[in-house]
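Subject: Structure handover

Hello,

Here is the structure you asked about. Please open it and keep it beside this email while you read.

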Amino acid sequence: MAENTSIIVENVSKVYKLLHPQINEEATLTNEHWALRNISFEIKKGESVGIIGPNGSGKSTLLKILAGVTKPTHGNAMILGKVGSILDIGAGFHPELSGSENVFLNGQLHGFSKSEIKSKYDAIVNFSGVAKFINEPVKNYSNGMYLRLAFSIMANLDFDVFLFDEVFSVGDAEFNIKTRAKFQELRATNKTIVFVSHNLSELENQDKYILLENGFLKEVSQKRSILSNYLEDVFHTKNMNICTEAISIEDFSKFDLSSELRVVRLSFFQKDNTKFTTDAEFELELEIEKLLNTDAIDPVLVISEINGNILLSSSPFLSGKFARKEDAANLVYRCKIPKNFFGSQVYNVSLCFMKNLYEVENYITETVVKSEDFTKNTKTEVVMFMENIIKFKPNFVNSNMNIDLSNLNLHGSLLPAFDWTCKSI
Amino acid sequence: MKDIKTEKVLIINSKPDSFFVYFKKIWHYKNLIWVFAQRDIKVKYAQTMLGITWTILQPLTALVIYTVFFGVILNWSAGDIPFPLYVLSGLIGWNFFSYIIYQGSSSVQDASFTIKKIYFPKSILPLSKVVIALIELLLSLILFIPLLLYYNVSISWHIVFFPFSILFNAFCGLLPVFFIAIFAYKKRDLFHLLPYIVTFGIWLTPVFFTNSIFSARFSFLMDYNPMANVVEFWRWVLFNYGSFKVIWVANFFIVMILTIVAMYFYNRKENEFSDFI
């Protein structure tokens, strides 16, 4: 094993026996389920690694093998140093015992002596933030408290390798910030962290990604783009069209109808460009017909990521252009999205229509009102919300430079070229 | 940075541990035996008012029932020692045995959640039950005090063999636990045998009857029942009751060796526990 290697996995396979035989890919009846097939990879000390993949791809089995809980059917793995793991909320805890008794139980289960735990006890309790309830039986703890205590034990005892299986989703925002800081600290002291998560935003900062699919190792990569590619893969398999060139939609029958409004056409294109690129301006044209003439209706453009994470909302009223009751029934809205704004990934375009914003605006400008009056007086409501009308993916092109951005591992889903200047002083 | 050679490399593969590595591992995790035992005792008496007193009440009740029924109503006697002492010295051994069997064989199933999430040698679980059984046994020894005073009986110097009676008794309990677990983790039918061993076994073991009730033709049968040996050995250790039999030593070693072998085969199977329980 090389000096700076932490984990080596060589040709690891794991087969589970099924109680009820199933027909496999080769169309034969078998009671074997290969949870992992010939997995090999290496992790260096101080690396933080995210394992991704759909349910049933073998992520948890892989962690279980690394934690020594189950043995591989073939192949072998080597881990340098002490391994600490949280494979489930409350694993290694006894519900009837108090928090402090469980600190000792859990620590000793992971191979630490009572005196070692005692010397770290205060740090563990303080970090966990459950000091107030530390003498209560943990059966009365919430999942979040379980996690806080379990993670605090892990983080404060002297492990070399940490394994986490999808447990951080129950922590609150404050605790997530704390764990992030702790992870940085652990990485800086050459500890290795491996974790499985479906919350891809949790995995933004990893040194390495391992993508599993059906028990196979699909990809090992240091590029963050593996996350968005993985997401796109997931959605591709569900047969969704992703536009890479101009599109105009006139058939909205798959969306719920509204008695007040009809969307006639939505066009999304780039002038002088057949294929979408990031270095050109996007244009959006929206034609609507108001069916009732009683209310003012404002459109709101919502752009989100493929996993539903909303990136932005934009509407004419944000630049003061409110819709009016007196507006004609047939309207065309145009919107320009600046060039060098998107990255090269899939975005979702949704539209939302809100009515009576103008009245509210008038109300605000005419009298100074308290916020509770505002909510009382407003008649604003969402008339219609059409989700995911267009999915599009521009190609990354930047006329100013000639490099593949995916190599840079930039953070975030939007890569806007703001107005930057630099002067020598 | 630590030197690579001083750090422990954990090797994970499909091979089961060798005999010596296995017992070395148990030695490494020996702390856990006590940790689990302590935990189970705390949990057992959590939210009870009488707490550990319950441990004494259970053998006390059995003692009273057996003494009244067999000693008073049927008017059986035990020869050299008063009948209640005879019954109690039988009961402590039998209770020790039955506790290990019941708790030991369900211990893996009871810990399934932990087993599926954290590694430790699974033999630790039945072994920790032996510790609890031993604590309960020591506590029930308190029941002897008033009886010894009342009947004015003294403890024999044989009491120095006390550790052997404990060991013999523990091996008798552990052997079926390990043996059955080897076969029963996939198909649990064998677990249903255990209550039979305990409920019917007491009728084949001189806990509340004496060997004299057997006709001479059958009394040798008691020599082949290790638990009968254990119970007789207990009485010999405590009160110099009966005479020392060589067959006890033979059975002791047979049971001990079989237990260690069963434990090792249990280890070869325990890697699969987390996949099947």
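First, a term you will need: a residue is buried under 20% relative accessible area, exposed over 50%, and partly exposed in between (1.4 Å probe, protein chains only). This is a predicted model, so local features need pLDDT of at least 70 and side-chain atom pairs count only at pLDDT 80 or more, while totals for chains, interfaces and linings use all residues. Residues are numbered from 1 along each chain as its sequence is written, chains are lettered from A and ligands numbered from 1 in the order in which they are written, and side-chain values use heavy atoms, with hydrogens and water left out.

**Chain A overall**

Chain A has 425 residues, and 49% of them are buried. Its C-alpha atoms fill a box of roughly 80 × 65 × 55 Å, taken along the principal axes. The chain holds eight helices and 17 strands. Helices (H or I, at least four residues) and strands (E, at least two) are DSSP runs, numbered from the N terminus.

Now look at contacts, meaning heavy atoms within 4.5 Å. Take those in chain A between residues at least 6 apart in sequence: 72% join residues at least 24 apart.

**A covered strand**

Find strand β16 of chain A, residues 347–355. Eight of its nine residues are buried. Two strands count as paired if DSSP finds at least two bridges between them. β16(A) pairs with strand β13 (residues 297–305) of chain A over nine bridges, in the antiparallel sense. One bridge partner to look up there is A:Asn348 in β16(A), which goes with A:Ser304. β16(A) is also joined to strand β17 (residues 381–392) of chain A, by eight bridges, again antiparallel. There, A:Phe353 stands opposite A:Met384 in β17(A).

Side chains of opposite charge can pair when their charged atoms come close. A salt bridge here is a side-chain nitrogen of Lys or Arg within 4 Å of a carboxyl oxygen of Asp or Glu. How many salt bridges are there over all chains? The search finds 26.

Start with A:Lys191 and A:Asp158, whose closest N and O atoms are 3.0 Å apart. This pair links distant parts of the chain, 33 residues apart. A:Lys191 sits in the loop between α5 (173–188) and β7 (192–196) of chain A. A:Asp158 sits in the loop between α4 (143–156) and β6 (161–165) of chain A. Buried or partly exposed? A:Lys191 counts as buried because its relative accessibility is 13%. A:Asp158 is at 42%, so it counts as partly exposed.

Next, go to A:Arg262 and A:Glu289, with closest N and O atoms 3.1 Å apart. A:Arg262 is in strand β11 (residues 261–269) of chain A, and A:Glu289 is in strand β12 (residues 282–290) of chain A. They are 27 residues apart. A:Arg262 is partly exposed, at 41% relative accessibility. A:Glu289 is partly exposed too, at 24%.

A:Glu287 and A:Arg265 also form a salt bridge, at 3.4 Å between the closest N and O atoms. A:Glu287 lies in β12(A) and A:Arg265 in β11(A), so the pair ties together parts that are 22 residues apart in sequence. A:Glu287 is partly exposed because its relative accessible area is 23%. A:Arg265, at 18%, counts as buried. Salt bridges that share partners join A:Arg265, A:Glu285, A:Glu287 and A:Arg334 into one network.

**Where the chains meet**

The contact takes 34 residues from chain B and 43 residues from chain A. Together the chains bury about 3,400 Å², 59% of it on carbon and sulfur atoms. Buried area is the accessible area (1.4 Å probe) that two parts lose on being put together, summed over both.

There are two salt bridges between the chains. One of them joins the side chains of A:Asp88 and B:Lys117, at 3.6 Å from N to O. On the side of chain B that touches chain A, the largest share, seven residues, comes from α2(B).

Strands meet here as well. Strand β4 (residues 74–80) of chain A is joined to β1(B) by five bridges, and the two run antiparallel. B:Asn13 in β1(B) is the bridge partner of A:Asn76.

Last, find B:Thr114 in helix α5 of chain B. At 10% relative accessibility, B:Thr114 counts as buried. Leaving out residues up to four places away in sequence, B:Thr114 touches A:Gly92, A:Leu109 and B:Phe120.

Best wishes
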